[in-house]
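Please read it with the model open alongside.

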Amino acid sequence: GKFASQNASVCGRCAAGSTSGPGAAVCTKCNPGYFEPESGTRLSCTPCAIGSFSDAGAPLCTPCLPGSFTDTIATPNCSLCSGGTYAPTPGRTVCLNCSAGLFSPDGAVDCSTCPEGT
């Protein structure tokens, strides 16, 4: 997107992470969960793909960290894997279940062996 302040004869380009609509006087930051990688190119921001998130005004989406996931587009944050599940790599769209005899706390990147007798 581009913008022009009042009485301007030339349009300016919106910075990466923001857009503007026709006749806009200012640029608007992309909402959380959306991004815009280039300056002055689009009228709307693009939703982040599943497995990634973004803050407001982001030029790019960030993959979910190991131990977390998101299974929806356009999310402002990732959720921690719940106990008994894990996410070993970034950008996960689901958490994996621990195998029998293994356990994990919330936000785990792997599973551990259950203590003897439990």
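1. The model under review is predicted. The protein chain contains 14 strands and zero helices. Read along the sequence, the pattern is accordingly β-β-β-β-β-β-β-β-β-β-β-β-β-β.

2. Overall form. The radius of gyration of the protein chain is 20 Å, well over the 13 Å that the globule rule gives for 118 residues, so the chain is more spread out than a compact globule. Taken along the principal axes, the C-alpha atoms fill a box of roughly 80 × 15 × 15 Å.

3. Surface and contacts. Of the 118 residues, 29% count as buried. The accessible surface of the protein chain comes to about 6900 Å², and 56% of this belongs to carbon and sulfur atoms. Among contacts with a separation of 6 or more, residues 24 or more positions apart account for 28%.

4. The disulfides as a set. A disulfide is a covalent bond between the sulfur atoms of two cysteines. A search of the whole structure finds six disulfides. With bonded cysteines counted along the chain, the pattern is 1-2, 3-4, 5-6, 7-8, 9-10, 11-12. Cys114 is in no disulfide, and the nearest cysteine sulfur, that of Cys98, is 8.4 Å away. Cys114 counts as partly exposed, at 27% relative accessibility.

5. Cys30 and Cys45. These two residues form a disulfide, with their sulfur atoms 2.0 Å apart. The link of Cys30 and Cys45 is left-handed, with -85° about the S-S bond. The pair links distant parts of the chain, 15 residues apart: Cys30 is in the loop between strand 4 (28-29) and strand 5 (34-35), while Cys45 is in the loop between strand 5 and strand 6 (46-47). Both Cys30 and Cys45 are buried.

6. Cys48 and Cys61. A disulfide joins Cys48 to Cys61, with an S to S distance of 2.0 Å. The torsion about the S-S bond is about -90°, so this disulfide is left-handed. Cys48 lies in the loop between strand 6 and strand 7 (52-53) and Cys61 in the loop between strand 7 and strand 8 (62-63), so the pair ties together parts that are 13 residues apart in sequence. Cys48 has a relative accessible area of 0% and is buried, whereas Cys61 has 22% and is partly exposed. Burial means under 20% relative accessible area.

7. Cys64 and Cys78. The sulfur atoms of Cys64 and Cys78 are 2.0 Å apart and form a disulfide. With -80° about the S-S bond, the link of Cys64 and Cys78 is left-handed. The pair links distant parts of the chain, 14 residues apart: Cys64 is in the loop between strand 8 and strand 9 (68-69), and Cys78 is in the loop between strand 9 and strand 10 (79-80). Cys64 counts as buried at 0% relative accessibility, whereas Cys78 is partly exposed at 21%.

8. Ser52. This residue is found in strand 7. Ser52 is buried, with a relative accessible area of 10%. A polar atom of the Ser52 side chain lies 2.7 Å from the backbone oxygen of Ala49. Not counting residues up to four places away in sequence, Ser52 touches Cys61, Thr62, Pro63, Cys64, Thr70 and Thr75. Of these contacts, Cys61 belongs to the disulfide with Cys48, and Cys64 to the disulfide with Cys78.

9. Ser104. The location of Ser104 is the loop between strand 13 (102-103) and strand 14 (112-113). With a relative accessible area of 7%, Ser104 is buried. The side chain of Ser104 reaches the backbone oxygen of Thr85 at 2.7 Å. Not counting residues up to four places away in sequence, Ser104 touches Ser82, Gly83, Gly84, Thr85, Cys98, Asp110 and Cys111.

10. Pro22. Is Pro22 buried or exposed? Pro22 is exposed, with a relative accessible area of 77%. The place of Pro22 is in the loop between strand 3 (18-19) and strand 4. The C-alpha atoms of Pro22 and Leu43 are separated by 7.9 Å, and the two residues are 21 residues apart along the chain.

Technical notes. Residues are numbered from 1 along each chain as its sequence is written. This is a predicted model: local features need pLDDT of at least 70, side-chain atom pairs count only at pLDDT 80 or more; totals for chains, interfaces and linings use all residues. Side-chain values use heavy atoms; hydrogens and water are left out. A disulfide is a pair of cysteine sulfur atoms within 2.5 Å. Helices (H or I, at least four residues) and strands (E, at least two) are DSSP runs, numbered from the N terminus. Buried means under 20% relative accessible area, exposed over 50%, partly exposed in between (1.4 Å probe, protein chains only). A polar contact is a pair of N or O atoms within 3.5 Å; within protein, one must be able to donate a hydrogen and the other to accept it, and residues adjacent in sequence count only if both atoms are side-chain atoms. Contact means heavy atoms within 4.5 Å. The radius of gyration is taken over C-alpha atoms; the globule rule is 2.2 Å times the number of residues to the power 0.38. Accessible areas come from the Shrake-Rupley method with a 1.4 Å probe; for residues, only the protein chains shown count as cover.
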